[in-house]
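Hi,

Here is the structure I said I would pass on.

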Amino acid sequence: MIPPINIAQGGSALPSGVAGPNTDLTGSALAAAGAGAGQAGGQRMPHIIPNPFDNTLLVQGTPQEWQQINNLLRQLDVPPRQVLIQMKVFELDLSDGFSEGLSAFLEPAGTNATGLGRALNLSSTVSGLSLSLGTLVGSTKELLGAFTAQETKGKTKLLSAPSIIATDSIPASMNIGTDVPVLTSQAVVGGVQSSGSSVFGNTVSSESTGMTMSITARISPSGVVTMIIDQDVSSPQATSSSGIDSPSFSQRQFQTQITVQDGDTVAIGGGIQEQKIDTVTGVPWLIRIPWIGGLFGSKSYSIARTELVVFITAKVLYDTNQLLDATEEIKDSLSHMKKTIKDQ
């Protein structure tokens, strides 16, 4: 029997008993392989001799045998297919808030810092609307009141569109983002003080943020692409924990396996997150009176909504021309970088 031979381009299969490439055995590999390829059961077989030094095969046989072997090599010795993977991540953050309140207090006349007296003041600033009123109650007391109202709205849109070319069955990964310093521990430095206070030593590490994408694509002969996807989108934000001067991280992660046809675009996932907060402060019981309850305290509400959807497109590259076309497609999508790349 002829031993198995690795005929892939760039392979390094060695016949049994042949030393590694660092050993100078020029000619020995061919002799050893030829000695092992003979007759089996008295029936003549073609000789196939691998040359590991330049990754070639030497075939000895009849023209008919060579034709069969050559046809088999043409079917097996083909370059692996590649696929252009384009991903788009759409994220929309919506926020809406409103607050209003009335405060009043009684104090001796002439002691207020604003000097309102019997005046009505109305002001509008970037922080909202403010209405102030002061009036005398008798000859020794002054009643001061202030009404404030504020409304906020916000809208943030995030678009990420990474593209990567991957080879059949070989993992590909991409990371676009920044490393953010994170406080991991804090301790008092023994014996060291500054202005009578202890000095703290901080231990800081880094956390990668942004877009991280890992994909393994398997391509069938008919152009069906099966992808194992691991995607993570993270961004730093102000921490909500008191006393900790270190950022928090908003994280969205997808892990899935999908199968698509060549050129199809599908949504691999999405989500909606909504948070609503209502706050009421004021005089107990009176603040609950319908219609006039707002005269005895303040009310506020806020709504935060996040919408996220991820699309992916797979385009199989069957030859070198399609690979070049995919390269041009990636360049054309970078509208602001296109001129810079052309000048290089």
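Let me start with I289, which is partly exposed, with a relative accessible area of 32%. You'll find I289 in the loop between β12 (265-282) and β13. Keep in mind that this is a predicted model.

In soluble globular proteins, nonpolar side chains tend to be buried together.

Now for the inside. The largest nonpolar core has 26 residues, and I85, M87, I215, M227, I229 and I312 touch the most other members. Which strands each supply at least two residues of this core? They are β3 (82-108), β7 (163-167), β8 (172-194), β9 (197-219), β10 (224-237), β11 (248-261) and β13 (297-317).

Leaving aside residues up to four places away in sequence, M87 touches S160, A161, P162, M213, I215, I229, Q231, I268, V310, F311 and I312.

As for the whole protein, there are four helices and 13 strands. Of its 344 residues, 23% are buried. Taking contacts with a separation of 6 or more, 63% are between residues 24 or more positions apart. The accessible surface comes to about 22,900 Å², and carbon and sulfur atoms account for 55% of that.

Cheers

Technical notes
Residues numbered from 1 in each chain as written. Predicted model: local features only at pLDDT ≥ 70, side-chain atom pairs only at ≥ 80, totals over all residues. Heavy atoms only, no water. Core = buried A, V, L, I, M, F, W, Y, C linked by side-chain atoms within 4.5 Å. Buried < 20%, exposed > 50% of the residue type's maximum accessible area, 1.4 Å probe, protein only. Contact = heavy atoms within 4.5 Å. Areas by Shrake-Rupley, 256 points an atom, 1.4 Å probe, with all protein chains shown as cover.
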